Amino acid sequence: MRWPAGLSASAHPPAEFLDPLTDDALKSTPLTASHRALGGRMVAFAGYGMPVQYPAGILKEHLWTRAHAGAFDVSHMGPAFLELAERTGDGEVDHRAVATLVEPLVCGDIRGLKPGQLRYTLLLNVAGGMVDDLMIGRPAAPRRQGELYIVVNAGTKEGDFAALSAAAGRRARLVRADDRALIALQGPEAAGVLEAVIPGAAALSFMTFAALAFEGDDLIVSRSGYTGEDGFEILSPAPIAERLWNRLLGDARVAPVGLGARDSLRLEAGLPLYGHDADATTSPIEAGLAFAVSKRRSKAADFPGAERIAREQGGALSRLRVGLRILEGAPAREGAPIADQAGVVVGKVTSGGFSPSLNAPIAMGYIPPPLAEIGTRLSVIVRDKAQAAEVVPMPFVPHRYVRKPAA
Amino acid sequence: MRFTKDHEWVDLAGDVATVGITAYAAEQLGDVVFVELPAPGKRVTAGEALAVVESVKAASDVYAPISGEVSAANSELSDNPQTVNDEPEAAGWFVKIKIADAAQIEALMDRAAYEAFLGTL
């Protein structure tokens with residue numbers, strides 16, 4: 001057998017299995033040594049050597065996360081802080097000032113963030129296309145007002161950081177934190193695990209964050225994630241990251257989970273992956289991310305591409321991201337054409353694979369809105385064969401976020 | 001049993017060769033979730049695409065190690081593709097091929113040579 005085209009060069013082991021320690025061009029994370037010790041299979045991802053899976057394999061890691069808790073190294077992502085240079089000391093005034101600097105780049109309500117709140121938002125270009133999706137949070141602590149916590153995608157972080165810095169000018173400074181470790185702990189048992197390691201974590205509500213202590217050191221802990229499960233993302237200084245990681249893995253409820261299962265988990269959760277399910281041509285409305293477009297911002301039409309987005313919200317939409325259940329045959333991967341019942345190609349798959357939870361292939365892709373109704377029968381074309389598929393609601397597997405933790 | 005550099009194995013009995021992927025390939029691939037096999041009667045040529053094996057992550061082609069006519073496909077794999085991981089060099093076989101030329105099999109690696117080859121990867 002040969003591994004997929006692009007991953008394999010005939011006489012060499014597939015690129016997928018490259019050893020990052022022999023590839024100087026790949027960046028490491030504070031946890032790289034741990035991944036190797038755990039038997040992680042390292043692959044190149046966004047310039048980093050990252051574990052795609054551990055010896056348990058993608059299927060088991062995926063199902064373990066849904067049943068217990070999975071620990072993920074996501075240090076390749078781009079955390080940063082935007083810090084107002086001159087502050088008044090009035091938290092509301094200072095927050096408003098820093099929020100006003102970033103709002104021209106995104107479609108979300110940043111001004112309206114409450115202390116400790118985290119919001120999913122989108123960087124847009126002038127054509128209303130997505131430059132990236134990202135998280136922006138307002139710190140809870142009074143002395144941190146006038147700062148924003150920002151986490152962008154790995155593959156887009158250089159451009160994003162440049163745009164944010166340029167927008168800030170001299171009024172604020174962007175402090176990169178991507179030399180730290182970012183660890184995600186996800187799954188129904190994540191809160192119980194984390195509370196024992198970082199007291200106070202379980203009291204956080206979904207989409208909030210706080211500075212909490214781990215053995216005397218401050219970390220930033222958010223209740224958020226990319227799996228559809230309850231969970232947390234923890235920004236840790238590099239020197240203590242391995243100790244934290246080992247504490248988490250020391251709990252029998254936790255298994256290490258690689259990027260392979262991270263991808264299958266987010267696919268089941270219906271969450272788009274930037275660069276695949278959305279790009280610079282995709283609008284938030286096409287991508288099914290209208291919830292990320294703030295009502296206040298829409299009314300003011302004060303973000304890039306606001307005109308296109310208003311038009312699309314009014315119904316002038318040519319394509320829409322939908323979920324597909326593949327009813328027979330092989331998984332439909334990224335790039336597979338989607339056809340209507342007459343056999344006419346109407347769109348293509350942007351992410352697809354096998355759903356371990358549903359034990360069936362699932363996919364997401366873009367099709368014209370008239371075909372996007374739930375239950376519409378379509379087909380996906382895999383290796384020149386049409387396979388029956390059906391438009392289904394997303395998420396494919398229900399989200400289990402903990403919006404308000406029990407007291 | 002003989003082996004290819006593409007990690008297929010061939011086991012000849014009479015003029016029928018059973019073909020599968022090696023334990024090394026199955027391990028590298030990870031959890032197999034789907035296997036696409038040719039229909040019996042199909043003529044195959046050594047080096048041509050024979051089957052497709054899909055893991056959670058990706059699809060990989062399996063190439064015909066020898067030429068001949070497919071005489072059977074392992075229908076067990078459509079219900080239980082995981083068999084490829086559990087028993088890659090036994091119950092996880094892919095197809096049986098009625099061979100055209102036994103010399104093609106002689107030209108493949110024996111187990112010692114294949115294991116030496118794996119040591120170079």
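Tutor: A polar contact here is a pair of N or O atoms within 3.5 Å; within protein, one must be able to donate a hydrogen and the other to accept it, and residues adjacent in sequence count only if both atoms are side-chain atoms. By that rule, 11 residue pairs are in polar contact between chain A and chain B, both residues at pLDDT 80 or more. The elements that give two or more residues to the side of chain A that touches chain B are helix H2 (58-67) and strand E16 (345-355) of chain A; helices (H or I, at least four residues) and strands (E, at least two) are DSSP runs, numbered from the N terminus. H2(A) supplies the largest share of that side, three residues. By type, the side of chain A that touches chain B divides into 10 nonpolar, four polar and seven charged residues. For this division, Ala, Val, Leu, Ile, Met, Phe, Trp, Tyr, Cys and Pro count as nonpolar, Asp, Glu, Lys and Arg as charged, and the others, Gly among them, as polar.

The model is predicted: local features need pLDDT of at least 70, side-chain atom pairs count only at pLDDT 80 or more, and totals for chains, interfaces and linings use all residues. Residues are numbered from 1 along each chain as its sequence is written, chains are lettered from A and ligands numbered from 1 in the order in which they are written, and side-chain values use heavy atoms, with hydrogens and water left out.

The contact (heavy atoms within 4.5 Å) takes 21 residues from chain A and 26 residues from chain B. Together the two chains bury about 2200 Å², 55% of it on carbon and sulfur atoms; buried area is the accessible area (1.4 Å probe) that two parts lose on being put together, summed over both.

The rule also finds five salt bridges across the interface of chain A and chain B, each a side-chain nitrogen of Lys or Arg within 4 Å of a carboxyl oxygen of Asp or Glu. Arg383(A) forms a salt bridge with Glu36(B) through their side chains (3.1 Å, N to O). The side chain of Arg383(A) also makes a polar contact of 3.0 Å with that of Glu54(B).

Glu54(B) is in strand E6 (residues 49-55) of chain B. Glu54(B) counts as buried because its relative accessible area is 0%, where buried means under 20%, exposed over 50% and partly exposed in between (1.4 Å probe, protein chains only). Leaving out residues up to four places away in sequence, Glu54(B) touches residues including Ala330(A), Pro331(A), Arg333(A) and Arg383(A), and also Phe34(B) and Ala59(B).
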